[in-house]
Amino acid sequence: MTHELIKIMEACELAQEKGIGAALATVVALEGSSYRRPGVRMLLLENGKMTGAVSGGCVEKEIFRQTESVFKTLVPKMMTYDGRYRLGCEGILYILIEPIDPDNTFLAAFREIIRLRQPFTVASHYSKNEGTGLQIGSGILSQGVLLPVRPGFSPGPDLEVFSQVMKPAFKLLIIGAEHDAVQLCAFASLTGWEVIIIAPPTEEKNSKDFPGCREFFALLPDDLSLSAIDSQTAVVIMTHNYAKDLQFLLRLRDVQPIYIGLLGPAKRREKLLAELMDRDPDLSLDFLDRVHGPAGLNIGAETPQEIAIAILAEILSVIRDQEPMPLRDKPSSIHN
């Protein structure tokens with residue numbers, strides 16, 4: 001997940017500034033099933049602190065024990081973890097542990113990719129054989145060139161490569177500043193999403209009232225910037241004001257977020273969409289298909305916190321193109 005990698009790199013830069021050694025652990029292959037899939041990463045520091053996780057908690061202790069030799073030698077290593085009898089998952093994890101000390105070229109390229117919301121590829125060169133070696137390691141591909149996470153790394157021949165395409169971090173645009181918007185912001189930020197709050201110009205709240213939000217803007221619908229709304233963005237309109245909801249829908253009609261959620265009953269949604277089409281007869285069916293109202297899955301949610309969970313669950317189902325169902329009723333494995 002891109003948001004996890006961003007947090008890892010932020011923690012890595014802080015460690016560099018303090019002169020604390022750091023190592024990157026990446027699950028590069030899996031046989032069987034596991035709590036997380038290949039591509040999950042965590043940062044380990046010499047002082048014992050960790051950022052991220054690769055499992056539910058059991059594997060991390062063994063990874064840190066194995067990382068002690070990497071801190072001493074600065075030589076990457078491969079380890080395996082058989083979780084069939086310890087995790088309740090019938091799988092064997094192959095984990096690459098390597099020193100991480102990105103140079104200025106890497107950091108500048110990474111920051112620019114994130115700022116421009118560009119997809120990118122992370123490539124990890126590894127062997128399934130346990131052991132150490134300077135020719136195993138990871139980097140990001142920028143314009144066809146591998147930028148390694150440690151200076152001087154060059155992958156060796158005859159290695160397996162785990163390549164992972166990373167999409168821009170998912171963004172949630174919340175239009176509204178009532179109590180339910182605060183709860184939705186909190187839950188979404190815990191999910192790792194970048195949350196932006198759009199409030200009325202007269203709103204007395206500010207960013208401090210929305211823990212976890214990345215940005216807070218007080219503005220009118222016509223002043224809403226559309227340039228940052230892309231296919232990795234969801235929008236939830238929750239102003240609790242019919243006229244404002246309509247104005248924001250009109251403003252959004254020329255962009256293509258993956259999801260637009262509306263609060264309120266189905267009759268309110270139909271009225272909004274009918275008036276929207278009256279004002280813009282050329283409105284595309286694709287835009288209308290993106291509108292979900294009432295926002296959220298039918299899980300019996302009543303409180304603002306429960307409603308936030310229901311909305312986030314529906315957004316996830318849209319992102320992942322999944323039909324919500326109890327996992328016990330799914331005929332195939334959890335991860336397709």
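View A. At 3% relative accessibility, Phe 106 counts as buried. Here buried means under 20% relative accessible area, exposed means over 50%, and partly exposed is whatever falls in between (1.4 Å probe, protein chains only). Keep in mind that this is a predicted model: local features need pLDDT of at least 70, side-chain atom pairs count only at pLDDT 80 or more, and totals for chains, interfaces and linings use all residues. Residues are numbered from 1 along each chain as its sequence is written, and side-chain values use heavy atoms, with hydrogens and water left out.

View B. The structure holds five aromatic pairs. One of them joins Phe 106 and Phe 110, which are stacked, with 6.2 Å from centre to centre and 10 degrees between the planes. To pair, rings of Phe, Tyr and Trp (its six-membered ring) need centres within 6.5 Å; planes under 30 degrees apart count as stacked, over 60 as edge-to-face and the rest as tilted. Where do Phe 106 and Phe 110 lie? Both are in helix α3, four residues apart, or about one turn of the helix. Helices here are DSSP runs of H or I with at least four residues, strands are runs of E with at least two, and the numbering starts at the N terminus. Phe 110 is buried too, with a relative accessible area of 6%.

**View C. Phe 170 meets Trp 193.** The ring centres of Phe 170 and Trp 193 are 4.8 Å apart and the planes sit at 55 degrees, so this pair is tilted. The pair links distant parts of the chain, 23 residues apart: Phe 170 is in the loop between β10 (160-166) and β11 (171-175), while Trp 193 is in the loop between α4 and β12 (194-199). Buried or exposed, what are Phe 170 and Trp 193? Both of them are buried.

**View D. Helix α1 against helix α3.** The axes of α1 (residues 2-18) and α3 come within 12 Å and cross at roughly 145 degrees. Each axis is a line fitted to C-alpha atoms, for helices over the stretch in contact, and angles run from 0 to 180 degrees between N-to-C directions. α1 passes α3 in a left-handed crossing. On the α1 side, look for Thr 2, Leu 5, Ile 6, Met 9, Glu 13 and Gln 16, which meet Phe 106, Leu 107, Phe 110, Arg 111 and Ile 114 in α3. Contact means heavy atoms within 4.5 Å. Sorted by class, this contact of α1 with α3 has seven nonpolar, two polar and two charged residues. Ala, Val, Leu, Ile, Met, Phe, Trp, Tyr, Cys and Pro count as nonpolar, Asp, Glu, Lys and Arg as charged, and the others, Gly among them, as polar.

**View E. Helix α4 against helix α8.** α4 (residues 179-190) packs on α8 at an angle of about 55 degrees, with the axes 9 Å apart. The two helices are therefore oblique to each other; angles under 35 degrees count as roughly parallel, over 145 as roughly antiparallel, 65 to 115 as roughly perpendicular, and the rest as oblique. α4 passes α8 in a right-handed crossing. Among the residues that meet are His 179, Asp 180 and Phe 187 from α4, and Pro 304, Ile 309 and Leu 312 from α8. By class, this contact has eight nonpolar, three polar and one charged residues.

View F. Most residues other than glycine have a negative phi, and most peptide bonds are trans. Leu 74 isn't a glycine, yet has a positive phi of about 60 degrees. You'll find Leu 74 in the loop between α2 (58-73) and β4 (77-82), and this residue is exposed, with a relative accessible area of 54%. Arg 117 is another non-glycine with a positive phi, about 55 degrees. Arg 117 sits in the loop between α3 (104-115) and β6 (120-126), but is buried at 16% relative accessible area. Finally, a cis peptide bond joins Gly 293 and Pro 294, with omega about 0 degrees. Pro 294 belongs to the loop between β16 (291-292) and α8 (304-319).

How values were computed. Left-handed = near helix turned anticlockwise from the far one by under 90°.
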